[in-house]
Amino acid sequence: LKMKLNDVLDKLKALKDRDTTCKGLQALRRHVARSRPAADQLLSSYFNISPALQELQAIWEVQVSAKDLKTSLELLSCVTAILHYTPSPSCDPSTRQQISHGLGELATSIIQRRLKSLYFHLSSGNRIRSNAALALLTAVSARGSNLLRELVAAFDFTHSALPKLARPPTAAIAAADAGTAAAKTEETDIPVHWLQWNSPAIGRRPSRALFVEWVATMLQVADPLLLPVLLQIRPLTSGLLNHLAFDPPGVIFGVLRLLTDKGIGPGSGVAASTRLELWSDTALSQLALIATAAPADNESTAAAGAAATGTAATGTAALQQQAEAA
């Protein structure tokens, strides 16, 4: 194990050799993804040698100016995999705490030092770059409510890239504008972007899929104090809801269920005024489309859409009264 780690670190330190650096990043990502007991030891050893994961930080510093596509993607993918890591059940408490602390420090360093770099990737116009950045933001958000609060405080949610990333693929929008079905495969009669939604190749996935996962992760992780703050960030909520009818049925159901459980359901601790702001005319029109156009073989999703439409539409007046009373 020590020899493997040393070999990986030697490759990561070869900053002037792109291919060797990429091989080191790939190897580290593979080791983390393999059997967790072995990965526990590898990450623990790495944190002992380099608590700040300095080799990864050095690569990132080089890429701030170099912006090499291959190296940047391997770096983002590697860091994302590390942040998603969960110690194995057999991991001893001290090692588990060491790994958890190290991952928290890595996430903090991204929030404090790497957001400008992520903005570049998000606004690059390159789907692979932007998707990799969204995946990393999701991994950071998943590390817990305290780190999520730091991210929300630091992130520029007015960035012009976010509305573009939240939109469905152009072909799906064009088909809807023309009143025709979205592009479908001949074999399955399913919209192409639905089939690509969970593709293992991150560059094939619609950017909206990564955007929805990021927003959903933040809503899931947020504590009761942070949740109302998130729901008032319009680029997030409008990006999530204003194109919801284009998403796969299971995703639609999951989003509606998440919102019901976390933000808009009975007994919600979120202020009525905040809940009211979620349902713009565009968002309500998406719910209407979901309720009326859901495929017949997805009755549960159609029912969820109908229920959500009824709740949002008929409840708007009541929410307005509550908001005015408050």
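Hi everyone. Buried residues make up 49% of the 326 residues in this protein. Before I go on, please keep in mind that this is a predicted model. As for secondary structure, the protein has 19 helices and zero strands.

Now to the inside. In soluble globular proteins, nonpolar side chains tend to be buried together. Here, the largest nonpolar core holds 86 residues, and the members touching the most other members are Leu28, Leu56, Phe155, Trp214 and Leu230. Which helix gives this core its largest share? That is α13, with nine residues.

Let's pick one of those members, leucine 56. Setting aside residues up to four places away in sequence, leucine 56 touches Leu12, Leu25, Leu28, Tyr46, Leu75, Val79 and Ile82.

Next up is helix α6, residues 93-113. With 21 residues, α6 reaches 30 Å from its first C-alpha to its last, close to the 30 Å expected at 1.5 Å a residue. Its buried residues include Thr95, Ile99, Gly102, Leu103 and Gly104, and also Leu106 and Ala107. What do the buried residues of α6 pack against? They pack against α3, α4, α5, α7, α8 and α9.

My last stop is a pair of arginines. Arginine 205 lies in the loop between α12 and α13. Is arginine 205 buried or exposed? It counts as buried, because its relative accessibility is 9%, and the cut-off for buried is under 20%. Its side chain is joined to that of glutamate 213 by a polar contact of 2.5 Å. Beyond residues up to four places away in sequence, arginine 205 touches several others, among them Arg127, Asn131, Trp197 and Leu210.

That brings us to arginine 127, which sits in helix α8. Arginine 127 has 38% relative accessibility, so it counts as partly exposed. Along the chain, arginine 127 and arginine 205 are 78 residues apart, yet their C-alpha atoms are separated by 8.6 Å. Leaving out neighbours within four places in sequence, arginine 127 is in contact with Gly203, Arg204, Arg205, Pro206 and Ser207.

How values were computed
Residues numbered from 1 in each chain as written. Predicted model: local features only at pLDDT ≥ 70, side-chain atom pairs only at ≥ 80, totals over all residues. Heavy atoms only, no water. Helix = DSSP H or I, 4+ residues; strand = E, 2+ residues; numbered from the N terminus. Buried < 20%, exposed > 50% of the residue type's maximum accessible area, 1.4 Å probe, protein only. Polar contact = N/O pair within 3.5 Å; in protein donor to acceptor, adjacent residues only side chain to side chain. Contact = heavy atoms within 4.5 Å. Core = buried A, V, L, I, M, F, W, Y, C linked by side-chain atoms within 4.5 Å. Expected span 1.5 Å × (residues − 1).
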